[in-house]
Amino acid sequence: MSVVLVTGGAGYVGSHAVKLLVADGYQVVVYDDLSAGHEQAIERIADQYPARSVSFVQGDILDAGALDRAIAASRPEAVMHFAARLLVGESVREPFKYYRTNVGGTLNVLEAMARAAVSRFVFSSTCATFGEPLHETLDEEHPQRPINAYGQTKLAVEHALPHIERAAGIRWTALRYFNAAGADPDGYLGEDHQPEEHLIPRAIAAVHGGERLTVFGEDYPTPDGTCVRDYVHVTDLAEAHVAALRRLDAGEPSRAYNLGSGTGMSVLEVLKAVEKAAGRPVPHDHGPRRPGDPARLVAASDRAARELAWRPRFDLDEIVGTAWRWHATHPDGYATTSDATR
């Protein structure tokens, strides 16, 4: 049985990937400091697959000694790396924190792998490495010119990986995904961020009486004047990570891939999908554009389709529907005590 160490595996996308790895028969060790993740997510995966192997180690990627001990104890064949700081606005205000974690912490992981001769690495990257788009859809060859520290830190790791491969023999896959959204269709896992920055859960919260949503900008050169983004279901993203790992397991060379649906949806179209799921309007106001928000960000994922045999399965209504069901049954996120799935 292959062993995979998953850093940040108690977080949103990481936990969905852990679930698929366990379902596929991998032995999974989750390494997470729980600053943004939830140990309950790993417990739910273990409950769903009681005959499979998943374990949890609480640790920080900035702690090189703890990483060495976790790798020595688990002896993984591969590492899937999600642990990172993710908020664009915060990265602009606090770049030291982002470089320390996203670059320094990732280098700690790679150095620990090199010391233990672990040779396969799947890296959670982002479309934020591209910056302002030059074309309507972004393929892997689009220039990478990040406009914030978050995107720049992820690109710094992408730039380091070929050098590390030559020196330490670590083959890698970098997965640049667009707007992760939705929740586990089985209802076991979902999105629980504090604070919540993503459009769909914020719209759902507004429907449930939370803070009114602000739509930033209504004068973009798009059909309805609001920003257009590419939303991809979190389970689809998790499947791409597992496919990338299998490709490395088969001895294929290192590669970067864009992951998106290839279909752009405006902010107002997303709100209509939430209203359809909720059966009532999303309370919202209109505000000015936010600096640095491109009008349109849509992925071209042809390379992933060809080489990973990956195509997203969930459309916008299904994405919103799974998110709506998760938040309806988990009003306090993972802290919810009455769980209809258990």
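This is a predicted model: local features need pLDDT of at least 70, side-chain atom pairs count only at pLDDT 80 or more; totals for chains, interfaces and linings use all residues.
Student: At what angle do α5 and helix α6 pack?

Tutor: Helices (H or I, at least four residues) and strands (E, at least two) are DSSP runs, numbered from the N terminus. Axes are lines fitted to C-alpha atoms, for helices over the stretch in contact, and angles run from 0 to 180 degrees between N-to-C directions. Here α5 and helix α6 (residues 149-168) pack at an angle of about 20°, and their axes are 10 Å apart. That makes α5 roughly parallel to α6, given that angles under 35 degrees count as roughly parallel, over 145 as roughly antiparallel, 65 to 115 as roughly perpendicular and the rest as oblique.

Student: Which residues of α5 and α6 make the contact?

Tutor: Contact means heavy atoms within 4.5 Å. Among those taking part are Tyr98, Asn102, Thr106 and Leu110 of α5, with Tyr150, Thr153, Val157 and Leu161 of α6 among their partners. By class, the contact of α5 with α6 has 14 nonpolar, four polar and no charged residues, where Ala, Val, Leu, Ile, Met, Phe, Trp, Tyr, Cys and Pro count as nonpolar, Asp, Glu, Lys and Arg as charged, and the others, Gly among them, as polar.

Student: Is Asn102 buried or exposed?

Tutor: Buried means under 20% relative accessible area, exposed over 50%, and partly exposed in between (1.4 Å probe, protein chains only). Asn102, which lies in helix α5 (residues 95-116), is buried, with a relative accessible area of 2%. Leaving aside neighbours within four places in sequence, Asn102 is in contact with Ala84, Arg85, Tyr150, Thr153 and Val157. The C-alpha atoms of Asn102 and Thr153 are separated by 5.9 Å, although these residues are 51 residues apart along the chain.

Student: How do α7 and α9 pack?

Tutor: Helix α7 (residues 199-207) and helix α9 (residues 267-278) pack at an angle of about 45°, with axes 10 Å apart. That makes α7 oblique to α9. Leu199, Ile200, Ala203, Ile204 and Val207 in α7 meet Val267, Val270, Leu271, Val274 and Ala278 in α9, and by class this contact has 10 nonpolar, no polar and no charged residues.

Student: Where does His142 lie, and which residues does His142 touch?

Tutor: His142 lies in the loop between β5 (120-126) and α6, and is buried at a relative accessible area of 4%. Not counting residues up to four places away in sequence, His142 touches Phe130, Glu132, Pro133, Leu134 and His135.

Student: How many aromatic pairs does the count come to?

Tutor: Rings of Phe, Tyr and Trp (its six-membered ring) pair if their centres lie within 6.5 Å, and planes under 30 degrees apart count as stacked, over 60 as edge-to-face and the rest as tilted. By this rule the count comes to two aromatic pairs. One of them is formed by Phe121 and Phe123, which are stacked at 6.1 Å centre to centre with 15° between the planes, and both Phe121 and Phe123 are buried.

Technical notes:
Residues are numbered from 1 along each chain as its sequence is written. Side-chain values use heavy atoms; hydrogens and water are left out.
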